[in-house]
Amino acid sequence: MLTIYGCKGCGSVVVEAACELLGETYERREVEPWTPGPALDALRALNPLAQVPTVVLPDGQVLTESAAILLWLLERHPQTPLAPPPGDPKRPAFLRWLVYFVSSIYPMYTVGDFPARWVKDEGAQTELKAATVQRTLDCWRSLEQGISPGTYLLGESMTILDVYAAMISRWRPGREKIRDVAPRCIAAAERAEAHPVVARVFTQFPV
């Protein structure tokens with residue numbers, strides 16, 4: 001069984017949703033990375049950067065980085081429709097945009113949520129946070145132009161990309177502003193969010 005260190009409102013929900021969709025059993029340990037206490041100490045012992053999600057695998061190995069965790073889970077279930085299999089023509093796009101979410105969009109929240117980590121002047125913090133919002137919108141616009149979404153981001157079948165999009169589109173600057181620049185992406189994300197399993201996880205662990 002997996003152990004998932006997660007936090008409501010954080011990026012761990014996509015891993016929890018993936019586990020539920022794939023039938024993986026897991027134990028969830030709630031920890032707020034910004035709140036000192038025993039839960040944070042336990043997380044730091046596994047991951048000194050105190051990031052969520054952090055996952056402990058059945059053999060005791062620690063796995064971090066949401067893309068790595070998701071790919072590991074998908075590899076355990078090679079027949080799942082949640083990802084195009086190796087050799088599928090859609091596989092390169094799946095890998096590209098999964099990494100895009102975590103390398104281009106997700107860091108804007110890491111910076112924008114805690115601007116004092118990066119600059120000390122309050123005016124600079126305000127400017128930096130505004131810049132992360134604009135960059136986030138630019139990234140969604142690029143995704144919309146590059147992926148040509150249909151019913152879902154990669155076509156007619158829901159993949160974990162759609163669940164990831166549903167999660168991060170709830171964050172700053174908010175889904176409606178993102179919809180202005182990426183309407184088809186948001187439509188696909190909302191279809192994924194309506195999946196009964198995804199909807200249940202999102203309700204249980206709000207993002």
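## A salt bridge between Glu193 and Arg175

The side chains of Glu193 and Arg175 meet in a salt bridge, with 2.9 Å from N to O. A salt bridge here is a side-chain nitrogen of Lys or Arg within 4 Å of a carboxyl oxygen of Asp or Glu. The pair links distant parts of the chain: Glu193 sits in helix H8 and Arg175 in helix H7, 18 residues apart. Helices (H or I, at least four residues) and strands (E, at least two) are DSSP runs, numbered from the N terminus. Both Glu193 and Arg175 are buried.

A word on the model itself: it is predicted, so local features need pLDDT of at least 70 and side-chain atom pairs count only at pLDDT 80 or more, while totals for chains, interfaces and linings use all residues. Residues are numbered from 1 along each chain as its sequence is written, and side-chain values use heavy atoms, with hydrogens and water left out.

How accessible are the two partners? Arg175 has 14% relative accessibility and counts as buried, whereas Glu190, at 28%, counts as partly exposed.

These residues belong to a network of salt bridges that links Arg170, Arg175, Glu176, Arg179, Glu190 and Glu193. The structure as a whole holds 13 salt bridges.

## A pair within helix H5

Another salt bridge joins Arg141 and Asp138, whose closest N and O atoms are 2.9 Å apart. Both lie in helix H5 (residues 122-147), and because they are three residues apart there, about one helical turn separates them. An α-helix has 3.6 residues a turn, so residues three or four places apart point the same way. Arg141 is partly exposed at 31% relative accessibility, and Asp138 is partly exposed with a relative accessible area of 32%.

Now to the start of the chain. Strand S1 (residues 2-6) is mostly covered, with five of its five residues buried. Both faces are covered: Leu2, Ile4 and Gly6 are buried on one side, and Thr3 and Tyr5 on the other.

Which strands pair with S1? Strand S2 (residues 26-30) pairs with S1 in the parallel sense over five bridges, and strand S3 (residues 54-56) pairs with S1 in the antiparallel sense over three bridges. Two strands pair if DSSP finds at least two bridges between them. Tyr5 stands opposite Thr54 in S3, and Thr3 stands opposite Glu27 in S2. Thr3 is buried at 13% relative accessibility. Leaving aside neighbours within four places in sequence, Thr3 is in contact (heavy atoms within 4.5 Å) with Glu27, Arg29, Thr54, Val55 and Val56.

## Helix H1

S1, helix H1 (residues 13-22) and S2 make a right-handed β-α-β unit. Right-handed means that, with the strands pointing away from the viewer, the path from the first strand over the helix to the second runs clockwise.

H1 is mostly covered, as eight of its 10 residues are buried. Among them are Val13, Val14, Val15 and Leu22. Their cover includes S1, S2, S3, helix H3 (66-75), helix H6 (160-168) and helix H9 (196-204). After H1 comes Gly23, whose phi is positive, near 80°.

Thr64 lies in strand S4 (residues 62-64) and is partly exposed, with a relative accessible area of 21%. Not counting residues up to four places away in sequence, Thr64 touches Asn47, Pro53, Thr54 and Ile69. The C-alpha atoms of Thr64 and Val52 are separated by 7.8 Å, with the two residues 12 apart along the chain.

In the UniProt record, an unreviewed entry, the annotation "domain: GST N-terminal" covers residues 1-81; such annotations may be inferred rather than shown by experiment. In the model, this span is 36% helix and 20% strand, and its end C-alpha atoms lie 22 Å apart.

Key. Buried < 20%, exposed > 50% of the residue type's maximum accessible area, 1.4 Å probe, protein only.
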